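We will go from stop to stop, picking residues and looking at their surroundings.

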Amino acid sequence: MASERELRVSVDIGGTFTDLVVEEADRLRLYKSPTVPDDPVRGILDVLSVAAAADGQSLTDFVGRVGTFVHATTRGLNAVLTGNAARTAFLTTRGHPDVLLLREGGRRDPFDFTVPFPEPYVPRSLTFEVPGRILSTGEILEPVDLDAVRALCARLAALEVEAVAVCLLWSTVNAAHELAVGAVLDEALPGVPYSLSHTLNPSLREYRRASSTAIDASLKPLMATYIGALTTKLRDAGLTGRILMVTSMGGVVDVADAAAAPILTLNSGPSMAPVAGRAYARSDLGADDVIVADAGGTTYDVTLVRRGEIPSTRSAWVGDEGTGHLTGLPSIDVKSVGAGGGSIAWVDPGGLLHIGPQSAGSVPGPACYGRGGRRATVTDAALVLGYLDPDVFSGGALRLDTGAALAAVTADVAVPLGLDPVAAAHAVLDLTTEQMVRAIEEITLQQGIDPAGAVLVGGGGAAGLNAVAVAKRLGCDQLVVPAVGAALAAAGALMSDLTAVYNVTLPTLTTAFDPDRVNAALAGLLRQCQEFVAHVGPGASEPSVTLFAEARYPQQIWELEVPLRVRSFLSSQDVRDFAADFHATHEEILGVTDPGSPVEAVSWGARVTVPLRRDTAVRARLGDPAVPATRRAYVPGRGLIEIPVRALSSVTAGEPIQGPVLIESPFTTVVVADPSVCELAPSGSLVIRPAQERRQPTLTEVA
């Protein structure tokens, strides 16, 4: 009899499908169900019902076996992008009401006056000044006027404010004024959520701190309602296990902690694919330099993993870079372009073909879904080319309409370009491949990294359509398509740890180092990590803590993160070691160094992780789709021809398969339209060695 606590599951809500990955006894199973935009929790219950039916169980019995439920959502992100977050007031120090207006970023071209300057996240009409002032030393120059704050609360109530963001000058050094304002808000506006900047994001830069605080406060009513509904409905369905939420930092937190700081979940979906991609690249090929690409229904998300380290950034934007809003918090560094399976293909008045950024989403979806969509998408083009089987798409849950796809591609692409429908569909896939390549080159070549030297991991439901072509175009020698790649982000969620990051602002120079103050700050950070571990409970193994500094050369604008070798600075040699590590980091990232210069540490931080399981690839067990022996599909240079079709589950480990061939699993099709060679790895991944173009000899070689 199976134990009651044998399942770990993760759910990732995408723009088109809601993905569910079930881990049982070191095996993964994958299920998909259409996303329900108006009721995402309904979509979660739908995909859980699909998994329960596959096990021959009721939803209650299946959910009752779940010990850990991990969830990634774009609910908060969509609210910020669409302007549907709560009506939020912004409280700042008197004399500084323009911190959200005089911001970082702005128009990319300052002389392009056709583009309006971005509006502040909170309008000036809801920005209010608080009397009182703290200096950079932490000294109180002017006490906070609590009577003025109480009067301000009456105005906020009259304005029907739903949330409040509080960001006062130098609260990172002395939080007394923010704490006092918070106490008044509790008293005068009970039930109205608020965020204090010094607890959420104790960073030095005022705009980033203010922006993150405003975003976090604005999401609290929405996410509290969403998380409350999620928890209630899962409990009602029979779930008694732990509920965790994925964060933008590539980890997970308890659902209550996510509700308390909802900004942590903003980019939760894209942050998980690199975790799974790294694990499969290590397991299948022993590789530590990895390009992880996740092709979903709406976007193509790319991350570069170097030496096994997943990169993070504090410059994550919600919306377009420069004109959106900075989160100001650590986030996995992901590059996204609008090139997913649902991306719309269109021709502009000048006769140029474009892919995205608009997406058909799940409703109405691509034309071939038969749900009212009329616009041609990447999925429609793939169907016209014969790459998709209309009868077994998404595990057979959806039958595709080939005629509708052909009509959409003809009307939207073929006729405007004067091409036949097959050539038009190929142009759509070809341009999609080029956009994916550009996204990868942006995060590799700009950092001085040759993408040809890395392993490409292709994930997402639409990954198989272009993955081989992308790898070939980049010159990558090896491509890994995990068996669970169609839900790579959801699989990554099951490999993630409970994670928290803490910071304290304490500027100091290596030439005038203050070890007592720095060591006191580091001790405080370590206490916070211990409290986090005690709060979240035991994990699968011992927690780990990494201390780091954010440092720069004096007068530089930006800092670099430098891990610390020590828990406290006990000698001058410790300080010299820290400076040497900074010089080395600066040279590696920026290509130059100044070893004779002092180093200025601006802030200190601690990153704590509580492992829930080993970060290793787990073998996927997928169903065996009924596939024909051959299918008429497009091969460049040869047109529509009959090519072999193989079910992924029918491939044996070590068996070489040479293209052209279509390799199908229930939720994705890997298109190998050239002589590339495929083999099955022990994890169930498909390892492909792309057929590279024959290089033309140089004049020197000819001579």
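Helices (H or I, at least four residues) and strands (E, at least two) are DSSP runs numbered from the N terminus. Buried means under 20% relative accessible area, exposed over 50%, and partly exposed in between (1.4 Å probe, protein chains only).

Before going on, note that this is a predicted model, where local features need pLDDT of at least 70 and side-chain atom pairs count only at pLDDT 80 or more, while totals for chains, interfaces and linings use all residues. Residues are numbered from 1 along each chain as its sequence is written, and side-chain values use heavy atoms, with hydrogens and water left out.

Stay with H15 and colour its buried residues, among them Val518, Asn519, Leu522, Cys529, Phe532 and Val536. From first C-alpha to last, the 22 residues of H15 reach 31 Å, close to the 32 Å expected (1.5 Å times one less than the number of residues).

Next, select Ser10, in strand S1 (residues 7–13). Ser10 is buried, with a relative accessible area of 0%. Its contacts (heavy atoms within 4.5 Å), not counting residues up to four places away in sequence, include Asp19, Val70, Ala491 and Leu494. Show the backbone oxygen of Ala490 too: this atom lies 2.4 Å from a polar atom of the Ser10 side chain.

Move on to His177, in helix H5 (residues 176–188). His177 is buried as well, at a relative accessible area of 7%. A polar atom of the His177 side chain lies 3.5 Å from the backbone nitrogen of Val144. Leaving aside neighbours within four places in sequence, Gly132, Arg133, Glu142 and Leu168 are among the residues in contact with His177.

For the last stop, select Tyr300, Tyr387, Leu456 and Leu465, which touch the most other members of the largest nonpolar core, a set of 77 residues. Such a core consists of buried Ala, Val, Leu, Ile, Met, Phe, Trp, Tyr and Cys residues joined through side-chain atoms within 4.5 Å. Helix H12 (residues 421–444) gives the most to this core, with 10 residues. Apart from it lies another core of 75 residues, including Val63, Val149, Ala261 and Val318.

Key
A polar contact is a pair of N or O atoms within 3.5 Å; within protein, one must be able to donate a hydrogen and the other to accept it, and residues adjacent in sequence count only if both atoms are side-chain atoms.
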